[in-house]
Amino acid sequence: VWSLGEGAPEESEKRDDAQRSTLFVEKPQSGTVSVGGNITFIAKVEAKDLLRKPNVKWFKGKWMDLASKAGKHLQLKESFERHTKIHTFEMQIIKAKENYAGNYRCEVSYKDKFDSCSFDLEVTESSQAAPSIDIRSAFKRSGEGQEDAGELDFSGLLKRREVKQQEEEPEVDVWDLLKNANPSEYEKIAFQYGITDLRGMLKRLKRMRREVKKSAAFAKGLDPAYQVDKGGKVRFMVELADPTVELKWYKNGQEIRPSAKYIFEHKGNQRILFINNCTMTDDARYYVTAGDEKCSTELFVRDPPILVTKGLEDTSTYVGERVELSCEVSEDDANVKWFRNGVELSNDPKSRYRIKVEGKKHTLVIEEAAKNDTATYSVMTTGGQSEAKLSVDLRPLKISLALEDQTVRLGQEIHLKCEISENVEGKWYKNGQLIEASDRVKLYHKGRIHRFVIPVSAVDDEGEYMFVPDAYNINIPCKVHIVDPPKLHLDGLGENNTVTVVAGNKLRLEIPITGEPPPKVFWSRGDKMVTDSGRIRAETYPDSSCLVIDAAERDDSGPFRITLKNEAGEDTALINIKVVDVPDPPQAPNVTEVGEDWCIMTWEPPANDGGSPILGYFIERKKKQSSRWMRLNFELCKETTFEPKKMIEGVAYEVRVFAVNAIGMSKPSMPSKSFVPLAVTSPPTLLAVDSVTDTSVTMKWRPPDQIGAAGLDGYVVEYCFEGNGFSQGISTDLSEELGEPPFNLE
């Protein structure tokens, strides 16, 4: 197994020394801590010449950036002292473990300035120290950057499965294997043999493939690489051409001093370095210098294989449940790979699969299991593997609240609601057609409740509705019935809902109606219903009803009632039918006066004006012996009296009258009694008083100068008292004689 942190020192050596400047005012110092103890490394940078905070990074080995590993066992802090203008950066290791030991580096940079400092951490055993932990995954935890990441306790609810351990194989030199392998096989080999620092190892491999130059100082140099098991002992040996040359040994650029761990031996021209009890911190680059010449090598420390001590167990669950698949391995925080149907799973934050590590326990977490999570899951380590089947089924669905049939008034809200036992999506259907949410249709889902809302219903919304939960072969149906109270629309009718028709014409009165379901229509006149046949009948259509009267008569006038009924209610109205006609003829006129060529006639209005006011009259006359009538006025006479003129004196005439209204002219009246126009006799002439007594007076006169065609029947004599202004008849006796009759004045 290969250390995470021991990369090639070439990276730092490649930096241009001209760009390196001293930024540290205090560098981290190497330290020692017991297993389970805490230790803090401090670096200070002066900010006097810096315009902003410098960039500081902490590394394990040569490339492992520790910023992403901060958490329960590693904390990075920084502060700034304004008075001294000193930036202080701290790296604190909490509850150290043996595999935390190794070489660390702190880098500080500001614009084109750069400074770096390496230091070592030594972790010593204690009587209560825990077993050694693989440094490869010491900083690998699920939930990057979280304080409690990797510390949750997952219940072991799974059935124990047989753990397949790899059979013991002959020792393999991974270094030789990588040197001879195809690059496409590197990752497979790295996992199989526990190499987590593959990047650093490939760099070392690349460097070792370079052509080794011949050296004048070394008769025999170091091998390109050495491999040793963890806890073992390794021997480095070089042979000098000149045994008097001073020789120094280095590890990752730092000189090695003799100790119980590092033992130096001299045998003639041979110089030997022994490294005892190798740990993962010894996995590094080593080189030895003889004068100005250098000879280098790589030491790889291999961990024992990781075994699966407790395998995965078959699990059955329901959709939406939280699932945990757990296993245990032989080492804390070991490198374990998870697979689903043979495809590796990543611990990406965007992935629905979450991998938790808690010491030796590794858990795959699925927060809300889905149907398609049913699969075979497996784990693989460097020394074993385990697999189990996960079965995700639908939980039996129960309908807590079914949809209810609804009867909704047109224009009111449709609100359908159901509740099921599971929090799953679903779809709505109407008459078998899928319904999508829109500005008019609102679909809501909250937890186990599903709602369907149409704020303003329309006639077309009537139908059979159904909710179907996703992934279940079940549906929840209901019916929606749209009703609208019936309504008569009488806007087109006249005042008091009056409809006028001319007698003899056909009336077709159409009344618009609405209602859902379509209402039944009833017409009636008094107590008698109007049927759908006959001269007076009713015709009904989906959106209107008609009253039909063929050849309207005056007796058809009167109120008709229309009534609408459906299950939502009823509506009714009275409609007045008015049949209008020409007026009746007036009564026979009376001739009240006659003259020489004129007369005065009067008459009474007709008894029936035909339902329309009389506008006037026309008058006609004819000679009694003739049948030809002649119109006397061409403009309507507004009065009930008229004076015909230009008649022949002494000829008998008859007159008649026509009444006129808006509909037309009536039939003629009966003729008047015949009459004869006569001229008026002129007054008598030469009136004189012949004699007077106390009681009588005798008068004389001559006959009228003009006597009409009627002749002279006699005279009427009148007298008056002087000053009274009125006459009194003296005698009613008429006489045709012209004499001197005495008149008694008593």
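This is a short tour of one protein chain, stop by stop.

**The whole chain**

Start with everything shown. Keep in mind that this is a predicted model. Colour by secondary structure. The protein chain has four helices and 56 strands. Now think about burial. Of the 746 residues in the chain, 41% are buried. The accessible surface comes to about 41100 Å². Carbon and sulfur atoms account for 48% of that area. One more overview value concerns contacts between residues at least 6 apart in sequence. Of these, 64% join residues at least 24 apart.

**Stop 1: histidine 362**

Select residues 361-366. This is strand E26, and histidine 362 is in it. Is histidine 362 buried or exposed? Its relative accessible area is 2%, under the 20% cut-off, so histidine 362 counts as buried. Now show what surrounds the residue. Leave out the neighbours within four places in sequence. Histidine 362 is then in contact with Leu325, Ser326, Cys327, Val329, Ala334, Val336, Trp338, Lys356 and Val357.

**Stop 2: arginine 352 and aspartate 373**

Move on to the charged pairs. The structure holds 30 salt bridges. Select arginine 352 and aspartate 373 for one of them. Their closest N and O atoms are 2.6 Å apart. This pair ties together distant parts of the chain, 21 residues apart. Arginine 352 sits in the loop between strand E24 (343-344) and strand E25 (353-358). Aspartate 373 sits in the loop between E26 and strand E27 (375-380). Arginine 352 is partly exposed, at 39% relative accessibility. Aspartate 373 is buried, with a relative accessible area of 2%.

**Stop 3: threonine 374**

At 37% relative accessibility, threonine 374 falls between the 20% and 50% limits, so the residue counts as partly exposed. Which residues does threonine 374 touch, not counting those up to four places away in sequence? Select Arg340, Leu390, Ser391 and Val392 to see them. Then show lysine 371. Its backbone oxygen lies 3.1 Å from a polar atom of the threonine 374 side chain. Last, bring up threonine 315. Threonine 315 and threonine 374 are 59 residues apart along the chain. Their C-alpha atoms are separated by 9.8 Å.

**Stop 4: a network of charges**

Select Lys506, Arg508, Arg537, Glu539 and Asp550 together. Salt bridges link these residues in a network. Now pick out arginine 537 and glutamate 539. They form a salt bridge, with the closest N and O atoms 3.6 Å apart. Are these two partners buried or exposed? Both arginine 537 and glutamate 539 are buried.

**Stop 5: arginine 631 and glutamate 620**

Finish with another pair. Arginine 631 forms a salt bridge with glutamate 620. The closest N and O atoms are 3.7 Å apart. Again the pair links distant parts of the chain, here 11 residues apart. Select residues 630-631 to see strand E49, where arginine 631 is found. Glutamate 620 is in strand E48, residues 614-623. Check the surface at each end. Arginine 631 is partly exposed at 26% relative accessibility. Glutamate 620 is at 9%, which is under 20%, so glutamate 620 counts as buried.

Key
Residues are numbered from 1 along each chain as its sequence is written. This is a predicted model: local features need pLDDT of at least 70, side-chain atom pairs count only at pLDDT 80 or more; totals for chains, interfaces and linings use all residues. Side-chain values use heavy atoms; hydrogens and water are left out. Helices (H or I, at least four residues) and strands (E, at least two) are DSSP runs, numbered from the N terminus. Buried means under 20% relative accessible area, exposed over 50%, partly exposed in between (1.4 Å probe, protein chains only). Contact means heavy atoms within 4.5 Å. Accessible areas come from the Shrake-Rupley method with a 1.4 Å probe; for residues, only the protein chains shown count as cover. A salt bridge is a side-chain nitrogen of Lys or Arg within 4 Å of a carboxyl oxygen of Asp or Glu. A polar contact is a pair of N or O atoms within 3.5 Å; within protein, one must be able to donate a hydrogen and the other to accept it, and residues adjacent in sequence count only if both atoms are side-chain atoms.
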